[in-house]
Amino acid sequence: MFSDVAPGYDRTNLMLSMGNSALWRMAVQRAVDPQPGERILDVAAGTGTSAAALARSGATVVAVDFSPGMIEEGRKRNPRIEFVLADAEKLPFGDDEFDVVTISFGLRNVSDPKAALAEMYRVLKPGGRLLVCEFSHPTQGIVRGGYELYLRRAMPMIARVSSSNPDAYSYLAESIAEWPDQGTLSQWIRGVGFTRVAHRNLTGGIVALHRGRKPADPTIRAATARRRQPRTAAATPATPDSAG
């Protein structure tokens, strides 16, 4: 599905977001605050639009996506960016490799988002930064009602005009509606070990920027690792023999 829409992906996103997708990318850029010499992993990078913007700071950016079509299109458009075909739940990198990991509008598309967040934690260096930009839930009723109407009615019509695969955007609307709210995603991020977790709403909560840090203190990381270990099921007590 993603390979089918890759050639017109960025154009369609600009139209469907009524121009806001460019503003959201700018917000991601400012939140990441990439520095020269940093190593940044952009997960679910698509055609590499955000990765290319991050790389202009002088950082080294690796773009990961699970869609061969997106990777192919990205390499054509951004030949200076390293693209890697990979699953977010099984990142092909070692521990503690990156200063920053970012994912924009891709966590919804992962089968197990918590597993993907745990992988992002693993590949980050101690003290490294996580930035998740994802569709969320408007905080005001009037905005929420208008947005839900837009997803149901207007988005399919725009997709039919602008996309080579309009059915793919039916999935988009469904995935947005089913995605958890800001508080739940923050809990997931905190649950895999990140600290200093916070979020900021964009466009009235239609989109939210979530951030966190991998603790620099090894004691805190060790305590987090212990909390994440599955609890051993308590042994079932033996049933006493019946009295004879």
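Student: At its relative accessibility, does Asp99 count as buried or exposed?

Tutor: Asp99 counts as buried, at 18% relative accessibility, where buried means under 20% relative accessible area, exposed over 50% and partly exposed in between (1.4 Å probe, protein chains only). The model is predicted, so local features need pLDDT of at least 70 and side-chain atom pairs pLDDT 80 or more, whereas totals for chains, interfaces and linings use all residues. Residues are numbered from 1 along each chain as its sequence is written, and side-chain values use heavy atoms, without hydrogens and water.

Student: Which residue forms a salt bridge with Asp99?

Tutor: Side chains of opposite charge can pair when their charged atoms come close. Here the partner is Lys125, with the closest N and O atoms 3.4 Å apart; a salt bridge is a side-chain nitrogen of Lys or Arg within 4 Å of a carboxyl oxygen of Asp or Glu. Asp99 lies in strand β4 and Lys125 in strand β5, so the pair ties together parts 26 residues apart in sequence, and Lys125 is partly exposed, at 30%. By this rule there are nine salt bridges, including Arg129 with Glu38 (3.0 Å, N to O), both of which are buried.

Student: In which sense do β4 and β5 pair?

Tutor: Strands of a sheet pair through backbone hydrogen bonds, either parallel or antiparallel. Strands β4 (residues 98-104) and β5 (residues 124-135) pair in the parallel sense over six bridges, pairing requiring at least two DSSP bridges and strands being DSSP runs (E, at least two residues) numbered from the N terminus. They belong to an open sheet of seven strands, in the order β3-β2-β1-β4-β5-β7-β6, with mixed pairing.

Definitions and conventions:
Helices (H or I, at least four residues) and strands (E, at least two) are DSSP runs, numbered from the N terminus.
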